[in-house]
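Me: Could you walk me through reading a model like this one? I'd like the general idea each time, then the actual case.

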Amino acid sequence: GKDVCGQESALPLSRPAAEHPPNKDTTTSSDVLLQTMSVVKPSDTTGAAYQQDFESGACRNMNTASEGNDANVRSTTAGELVGLDSETLLLCVAGIKNGLPPFSPGLAVQEVERLRSIVLDNPRAFVEWLRLIGLVEEGGSVEDVRATYTCFLDEFPLCWGYWKRLADLEARSQSLAAGLAVYERAARVAAPCVDLWVHFCDLGIMALSQNELTNDAAQSVFERAVQAVGRDWRAGPLWERYLQFLESIQDWRGLGECFRRALAVPTDGLAAIHVRLRSLVVGDACPPLEKLCTVEEAAELEAVSAACVGMEGVGPGSAAANHLTNGIADSASLRMAAAAASCAEKEEGELSDGELEEEFEMPNTSTPSQQGLEPPPLSHLLGHSHATVPPQRLNSVVPATAAPPAGTVAADVLKRLQQTMQSNRKWFLDVREQQFQATLVEVEFLRQFEQHLPRPYFHNRQLSDSQLETWRRYLEFEESRQPRDEQRLHALFRRCLIAANNYFEFWLRYVAMLVHSGDQVAARDLLLNGCK
């Protein structure tokens, strides 16, 4: 057999129910089940079928109405549950679905027909499904492959690798929009899969590059993704893609907000996000810092800048200080002022203050290099290597006083500008560093659980005893937090029901938690969707 990435692996039978009894917190699971299912009480035969379905190779739909789910993901409502008779419930539990359509004549070989017959008789035959998919991929038509993927995913919707294969097939054979439609369907039944959302976003970016998707539409996919799985331990690559997208469209305020959100989530990729932020701020392409700040932070940044301007060299009452204080939130103004100051310093002794002003007021049809006025590179300090200054703003940068030489004033202004930008950057990075360090403590604490969970994805083979015990301790830890983080607890349960999807105890534990919190509808939806 193969795992969701297509790698070969052994596939032993699922462990019998007696080998993994429910957690002590779910010892009243039968009562919880009957209380939350507002339908006709199933008979003993139906109950046995219900339990057997969970202990077979079935992979359940995990979407519920619990807090934190994506708003666009449809959950079964209480109204749809009312009136469900025992026969309909049994059909739902048994997972009876439409069978595979006949294959094209090119696939009419004995092995294909044998495997097709097996999966039609037993839709949970995971190994035979994977073998059949391999044969169909090798010699079947597009329609054959599409039908096989679709029927397989009806039974095993958490196998995200096959959603990706189906989306790639539709994108190649039809259009990128058709591939996106596949991911839309996948998001309805496998929302907790991080890798699924990563590939969804990747295809959205590809569609954006070919003008088949707008910036707003692409951003909505990213936003839905971080709402669905942004709190997952493995969500680092998703956050990094979102940050890269916002940077590419120069949505600086959105980028600043995204950095704040990403640095607040304990993920395995937290350090990479931190490095990305520092590289952006100290690099040549640093955007205006005030646009990366909140309103409160921008006010503090302005105070830091004003304090720096008031230092020795450019006094608080000078024209340069007034210019910088009035426009301190505009990093572009600082760059232009620094470039002008650099030009003045270069021309020291050649032009007086009045001549310098007159020179800039003359009509200019040549390039700065042709005039011999090209400023030295300041990219390593100011973020732009060829900033210019409008002539009408020059007097506000270089004080029009005759006492000190022009070059001395220009050098002082340039020094103050450089110190101001360096102080701004240091202040901004210090603020984010505090947030990073606080989250890093949580990351190191959670790593003691995460390092013992090597299989984050669904597979039909059994989990090791150590992984099952780790999941129990992990859930117990989150449930006992004071105060409890409800969103993170729901996210952890959804993660658990991917890797431990075949273990009834974790389903009932989640149901018991929902019932205890008073959310009967979400508990009922979870059970019914788990049967599908």
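What follows goes through confidence, ring pairs, helices and a few single residues.

Me: What are the ground rules here?

Reply: This is a predicted model, so to speak of local features we need pLDDT of at least 70, and side-chain atom pairs count only at pLDDT 80 or more, while totals for chains, interfaces and linings use all residues. Residues are numbered from 1 along each chain as its sequence is written, and side-chain values use heavy atoms, with hydrogens and water left out.

Me: What is the mean pLDDT of the protein?

Reply: pLDDT is the predictor's confidence in each residue, from 0 to 100. Here the mean is 72, and 62% of the residues reach 70 or more. Helices are DSSP runs of H or I with at least four residues, strands are E runs of at least two, and both are numbered from the N terminus.

Me: How many aromatic pairs are there?

Reply: A ring pair is described by the distance of the centres and the angle of the planes. Rings of Phe, Tyr and Trp (its six-membered ring) pair if their centres lie within 6.5 Å; planes under 30 degrees apart are stacked, over 60 edge-to-face, and the rest tilted. The structure holds 16 such pairs. One of them, Trp129 with Phe152, is edge-to-face, at 5.8 Å centre to centre and 65° between the planes. That pair links distant parts of the chain, 23 residues apart: Trp129 sits in helix α6 (residues 126-139) and Phe152 in helix α7 (residues 142-155). Ring pairs also tie Phe126, Trp129, Tyr149, Phe152, Phe156, Tyr162 and Phe458 into a cluster.

Me: Is Phe152 buried or exposed?

Reply: Buried means under 20% relative accessible area, exposed over 50%, and partly exposed in between (1.4 Å probe, protein chains only). Phe152 counts as buried because its relative accessibility is 0%, and Trp129 does too, at 3%.

Me: Which residues touch the most other members of the largest nonpolar core?

Reply: In soluble globular proteins, nonpolar side chains tend to be buried together. A nonpolar core is a set of buried Ala, Val, Leu, Ile, Met, Phe, Trp, Tyr and Cys residues joined through side-chain atoms within 4.5 Å. The largest one has 113 residues, and Leu132, Phe152, Trp239, Phe428 and Phe506 touch the most other members. Leaving aside neighbours within four places in sequence, Trp239 is in contact with residues including Val226, Cys258 and Ile273.

Me: What covers the buried residues of α7?

Reply: The cover includes α6 and α8 (160-173). Glu155, which lies in α7, is buried at 4% relative accessibility. Its side chain joins that of Arg124 through a polar contact of 2.5 Å. Such a contact is a pair of N or O atoms within 3.5 Å; within protein, one must be able to donate a hydrogen and the other to accept it, and residues adjacent in sequence count only if both atoms are side-chain atoms.

Me: Why is α25 largely enclosed by the rest of the structure?

Reply: Because 12 of its 13 residues are buried. Among them are Phe504, Trp507 and Arg509. Just after α25, Gly518 takes a positive phi of about 90°.

Terms used:
Contact = heavy atoms within 4.5 Å.
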